[in-house]
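Welcome! Here is a short briefing to read alongside the picture; please keep the structure open as you go.

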Protein chains: 2
Amino acid sequence: MAEADQYKESLQESLQQVIHLLNKHKLVEDLVHKQDMPRHALVESLVHKQNLAELQKRLEVLHPADVAYILESLPLDQRLIVWDLVKAERDGEILLEVSDAVRQTLIAEMDSEELLAAAEQLDTDEIADLAPDLPRDVFQELLESLDSQNRERLQSALSYPEDTVGALMDFDIVTIREDISLEVVLRYLRRLGKLPDHTDKLFVVDRDDALLGALPLKRLLVHDPESSVASVMADETVTFQSEDKASEASSAFERYDLVTAPVVDADNKLVGRLTVDAVMDFIREESESDMLSMMGLREEEDLFASVWKSVQNRWTWLAINLVTAFMASRVIGLFEGSIEKIVALAALMPIVAGIGGNSGNQTTTMIVRGLALGQISAHNMKNLFYKELGVSLLNGLVWGGVLGLLAFMLYHNVKLGLVMTAAMTLNLLLSAVMGVAIPLVMTRTGRDPAVGSSVMITAVTDSGGFFIFLGLATLYLL
Amino acid sequence: MAEADQYKESLQESLQQVIHLLNKHKLVEDLVHKQDMPRHALVESLVHKQNLAELQKRLEVLHPADVAYILESLPLDQRLIVWDLVKAERDGEILLEVSDAVRQTLIAEMDSEELLAAAEQLDTDEIADLAPDLPRDVFQELLESLDSQNRERLQSALSYPEDTVGALMDFDIVTIREDISLEVVLRYLRRLGKLPDHTDKLFVVDRDDALLGALPLKRLLVHDPESSVASVMADETVTFQSEDKASEASSAFERYDLVTAPVVDADNKLVGRLTVDAVMDFIREESESDMLSMMGLREEEDLFASVWKSVQNRWTWLAINLVTAFMASRVIGLFEGSIEKIVALAALMPIVAGIGGNSGNQTTTMIVRGLALGQISAHNMKNLFYKELGVSLLNGLVWGGVLGLLAFMLYHNVKLGLVMTAAMTLNLLLSAVMGVAIPLVMTRTGRDPAVGSSVMITAVTDSGGFFIFLGLATLYLL
């Protein structure tokens, strides 16, 4: 009996062993290189062959998800050696498991024939996941190799935007009629011989494939075999349409603790099903992409991407940040005369700006989360504004007071201390107002509030903080 | 047949209707208040009663998770009115569904008797989830009301740290022996009459409750009833121990697409099971708490928490931020003489610091993610350092060059432009080194790299940026 700890350990261990074997392999190659042995001699050398055979044996016993983990943890050159050694009949499954960025590096190394062979091992919904990364000619050939039902399914799966139920669903559905007895269902299942993964219910449909309800396996098992499906099935099943948003479906899965759910078209015709593993992957990807974009990365990045690829992934936000930083710098530029006279202002101003940004980001995070959970609407917006203003006022008076005192002690200037306190309080109030307003406005205008809010709030509190502090100083200290 | 869209709509709709009824209720109260009608007359007034009855009827038809959503979306006073109206027999389930912060506000309003009644509706593992929020005397009384098996289970569930498998598992296990036939199993299940939620497999144990394997319902259904359990069961089931880390278990659930998994003790004795819905809740909470702490919130906050509670939740990070901002300010203080002579330095220095922080946070986010996925270890650290240094060098030369040019154009000073370019490049290189090093050191010293990395990297790139820029300026421009 394998235990989770063993899994984890053996996974780390497998990785270490693979690396060890790869290093041995490299050693031989380097040696050969130094002695100028011709390459074909190397390939035929016994040691070399043995190393690779051992490596291949290690890889063979691993679950595709674990091979994917190892591929993701290796730099590109080693990754491709391992990829070459993986048994071709598992290529498809492994390609499904690796992250998008790593998948591209693997596919780039495969020829059309290998890609076709890999794709042909997969179900239609899985091919749909790979399709965006396949070269066009391979995809065309693949499409032609499918029978008409699967071709139609693939095309319809590809026609749904990435964030809809249609893009997540699979076609592994087992359907039954409502007028048969459970005994007949049991016999039917035995004849089938195999049920799709995650099957926790059978779908009850009429002659036209319209969904009537679902028969949970739990009920099938505990009820009298003489009962009819109609009398035992659940007719209040949570059902999705293929155009529904994936995020709404996933919150329904969490809310109602679902394992699978049927997907129907506009006419209530059963077209597929959604499973908890697809939903779980979706949730993971969602929350990761939120976190990455909050930190200014455009998308998930291969840890071992080339410098050039990484620069491309990150440059958008750096550029935006540069523009906002430059604007803040120009705000300071307006007050160069004041700074020349009281140089202490230059040392103190980043504090005012920084704390405003920190507090504004706290507020924005709360609001973005409330929006995502659907907890914020017109009726409670006023409450939120007042609360955030209260928090900022309290923080401004307390921390602004402390900083004002420190400024006074450093520069022996009472008025400077008072300006410091006033500026911090005002900038915190600004950060509260903008921290609530920016994500709300972004949502209203149809944008994702998680993505740009942090950059925008920091831009406002930086420029605003410099302006308030230097402005007050110019008015009262000169 | 209910559809997801309808669920979502009716959920938002339900909230709107509840708010509408609450407002009507408030209107009557205000009216009464203005006319100085005694309170008991109000309570007995017909309109008042009708409003509340209607509200109660709306709430009754909702799923406990949906009532929880409504409670979370209401300010405290309205929340408590709704909470009073919820049928007492659903209190327990609803308390389980609301967020920790909101749960505390609800429990604060309940007396011991109500709390006891609510807890008694729940399973042992669910009581364990509530226990930390219960007053001590209520918990004692509850403990005494349980039979010895459940008391033991509750105490052992509470003895596991929050992030272990033991704290997530439940006790809804159906066990069978390996020497019986599937026919006998089927009859046994019919006699049971009900299977626990999420049951996708039965656990096969020996006389001493030691786990031998699992019989997936899928196999039970498709195999010949004459076969024995032993011949059909899967003996390579993924199994956890109660001390295993919840995060490792949840990645095993994702990796191997599990619905349930058995939990055993050190002697391989079956003690409970882990289900995908508990794992999904755990993943959601994990990723939320990462995001909240990256943005400087200590924990999940009730949207409608009092100003005072919110200040407490947020003050730690604000204080840390103040300290680092103050340190950066003192770095600037060192160079006040230089700034007095070239005031342009004051305007340009925040750009150098800001871009370093942005780039460092991008690097740190990548590394934190790689660490969480277990993809980073000693063997590839060097690759990562070189890659990040490469990205920073490229960004420094390009963006530093642009900014240097802008600085030259604004201040007509070639040397100032060159110092700007050099300082940006150096600070970006510093951000790359620290962006990789900080999360690695935090992990080595047993800390959570997600929590403080962002604050620390910003502190380093701020102080470092000011020091590098002003230092270079002092050396070459004065």
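A residue counts as buried if 20 or more other C-beta atoms lie within 10 Å of its own, exposed if 12 or fewer, and partly exposed in between, with C-beta atoms placed from the backbone. Helices (H or I, at least four residues) and strands (E, at least two) are DSSP runs, numbered from the N terminus. This is a predicted model, in which local features need pLDDT of at least 70, side-chain atom pairs count only at pLDDT 80 or more, and totals for chains, interfaces and linings use all residues. Residues are numbered from 1 along each chain as its sequence is written, while chains are lettered from A and ligands numbered from 1 in the order in which they are written.

**Chain A as a whole**
- Chain A contains 23 helices and six strands.
- Its C-alpha atoms fill a box of roughly 90 × 80 × 45 Å along the principal axes.
- Of the 478 residues in chain A, 45% are buried.

**Strand E5 of chain B**
- Strand E5 of chain B covers residues 260–264, and five of its five residues are buried.
- B:Thr260, B:Pro262 and B:Val264 point one way from this strand, while B:Ala261 and B:Val263 point the other way.

**Neighbours of E5 in chain B** (two strands pair if DSSP finds at least two bridges between them)
- E5(B) pairs with strand E4 (residues 240–241) in the parallel sense over two bridges, and B:Val264 is the bridge partner of B:Gln241.
- With strand E6 (residues 270–275), E5(B) pairs in the antiparallel sense over five bridges; here B:Gly272 is the bridge partner of B:Val263.
- E5(B) and E6(B) form a hairpin with five residues between them, and B:Asn268 in the turn has a positive phi of about 65°.
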